[in-house]
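Please go through the model below with me, one question at a time.

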Amino acid sequence: IEEFVIHNETGCLVEQNSPDALADALAALIADAELQDRLRRNARQKVEEGFEVTNQTGKLLSLFEAAD
């Protein structure tokens, strides 16, 4: 998860097994429409850039070529 989610940039990370931290993060998101929008836009951009089909195909091809 931490490879994709950057705290307060592409999402929210909270401490494991901490319902209070999760509740606080959710309350902050619910209360802040601008934060919701920023996280959504940044996450979408990260997916589009990092997981674009041509990019992933190139990485897969490189793995196959290295295995030869």
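This is a predicted model: local features need pLDDT of at least 70, side-chain atom pairs count only at pLDDT 80 or more; totals for chains, interfaces and linings use all residues.

Me: Which element of the protein chain has the lowest mean pLDDT?
Reply: The protein chain averages a pLDDT of 90, and 100% of the residues score at least 70. Among the elements, α1 has the highest mean, 97. The lowest mean, 83, belongs to helix α3, residues 53-67.

Me: Which residues are linked with Asp37 in a network of salt bridges?
Reply: Asp37 meets the side chain of Arg40 in a salt bridge, at 2.3 Å from N to O. Asp37 also forms a salt bridge with Arg41, where the closest N and O atoms are 2.3 Å apart. The residues linked with Asp37 in the network are therefore Arg40 and Arg41.

Me: How many residues apart are Asp37 and Arg41 in helix α2?
Reply: Asp37 is partly exposed at 30% relative accessibility, and Arg41 is partly exposed at 42%. Both lie in helix α2, about one turn of the helix from each other.

Me: To which backbone nitrogen does the side chain of Thr10 reach?
Reply: Thr10 is in the segment before α1 and is buried, with a relative accessible area of 8%. A polar atom of the Thr10 side chain lies 3.1 Å from the backbone oxygen of Phe4. The backbone nitrogen reached by the Thr10 side chain, at 2.7 Å, is that of Ile6.

Me: What is the accessible area of the nonpolar patch that includes Val14?
Reply: Val14 is in the segment before α1 (19-31) and is partly exposed, with a relative accessible area of 35%. Patch residues need over 30% relative accessible area, so Val14 passes that cut-off. Val14, Leu22, Leu26 and Ile30 form the patch on the surface, and together their accessible area is about 380 Å².

Methods. Residues are numbered from 1 along each chain as its sequence is written. Side-chain values use heavy atoms; hydrogens and water are left out. Patches are made of residues with over 30% relative accessible area and no salt bridge: like charges are joined within 9 Å, nonpolar side chains (Val, Leu, Ile, Met, Phe, Trp, Tyr) within 5 Å. Accessible areas come from the Shrake-Rupley method with a 1.4 Å probe; for residues, only the protein chains shown count as cover. A salt bridge is a side-chain nitrogen of Lys or Arg within 4 Å of a carboxyl oxygen of Asp or Glu. Helices (H or I, at least four residues) and strands (E, at least two) are DSSP runs, numbered from the N terminus. Buried means under 20% relative accessible area, exposed over 50%, partly exposed in between (1.4 Å probe, protein chains only). pLDDT is the predictor's confidence in each residue, from 0 to 100. A polar contact is a pair of N or O atoms within 3.5 Å; within protein, one must be able to donate a hydrogen and the other to accept it, and residues adjacent in sequence count only if both atoms are side-chain atoms.
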